[in-house]
Amino acid sequence: MGKAYSYFNVWAVSTIVYASLDDIDEVFKAIERQSQKKDSQVVVSLRYMVRRECFIDILRQRGFHPSDVDILTNLFILIDTRNFNECDIREVMVSFLLLVTKSVTQCFEMALLTISRGEDNDQYLDKKQILRVFTLLNDTCYFFGDKYLHLDQVKDLVDSLYTSIGTALVLCWC
Amino acid sequence: MCYAGAEYCLLPIYCMFTSTPTIGKIDGVIYYPHYLEFLSTHPIIELFTSAQFQGAIQDKLLDDKALERLVYFQK
């Protein structure tokens, strides 16, 4: 979040974050490299499902600042609601992007790019994925103490994206 | 149906009518780079990022008294 959003707690936290977008990309590359190894302990079931200890190890290996590691670990716990000690690392990074990006447009772009990482249809997302991205961003704002949108408003946002596409309204009124 | 004594459910009927404008796109995939501008200038996002909605950052921070109250309740 940039200076224009200085009334956000997220912005206040982003001023003490050292990591950049390139660092996040490096983490993904490290995970992808490890997932290709057959005896890897990092990826458990799916491509980006990573255990917490392994995630922290990777962050330290990539030279992340200890405070960034703490923030990412907290975001990991926030997303790992079932306490399985593993979660999709793309979701953690989507939450973390709020602290790294400079504008709303850049945040959305990078978040959608991150969630579609590793998918067959690159840059194509279905409704469930888009809803997940906005829910994550909303939850992260709540986690840092900012005011949040109700789930109905998040659903309305995604619904309106779909109704804005194509000639659906013409079909309705015919 | 209600008059005849049969059970009816209002919600599916409401969903049927509200989903009519989204025919053909409700479950599809979209090419999101085309809609980034739309999303970032959406009224809900404008509302969310407005200072009026978020309020001053001083109001969100916990002062000493608020922290004491929290610690008291946790005990």
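Helices α5(A) and α7(A) are oblique to each other, because their angle is about 55 degrees. Angles under 35 degrees count as roughly parallel, over 145 as roughly antiparallel, 65 to 115 as roughly perpendicular and the rest as oblique. The axes of α5(A), residues 89-100, and α7(A), residues 127-143, lie 9 Å apart. Axes are lines fitted to C-alpha atoms, for helices over the stretch in contact, and angles run from 0 to 180 degrees between N-to-C directions.

From α5(A), Glu91(A), Val94(A), Ser95(A) and Leu98(A) make the contact (C-beta atoms, placed from the backbone, within 7 Å). From α7(A) come Val133(A), Leu136(A), Leu137(A) and Thr140(A).

This is a predicted model: local features need pLDDT of at least 70, side-chain atom pairs count only at pLDDT 80 or more, and totals for chains, interfaces and linings use all residues. Residues are numbered from 1 along each chain as its sequence is written, while chains are lettered from A and ligands numbered from 1 in the order in which they are written.

Helix α7(A) also packs with α8(A), residues 151-163. Here the angle is about 145 degrees and the axes are 10 Å apart. Among the residues in this contact are Ile130(A) and Phe134(A) of α7(A), and Val158(A) and Leu161(A) of α8(A).

Now the whole chain. Chain A has 9 helices and 3 strands. These are DSSP runs, numbered from the N terminus (helices H or I, at least four residues; strands E, at least two). Of its 174 residues, 32% count as buried, with 20 or more other C-beta atoms, placed from the backbone, within 10 Å of their own.

How values were computed:
Two residues are in contact if their C-beta atoms, placed from the backbone, lie within 7 Å. A residue is buried if 20 or more other C-beta atoms lie within 10 Å of its own, exposed if 12 or fewer, and partly exposed in between; C-beta atoms are placed from the backbone.
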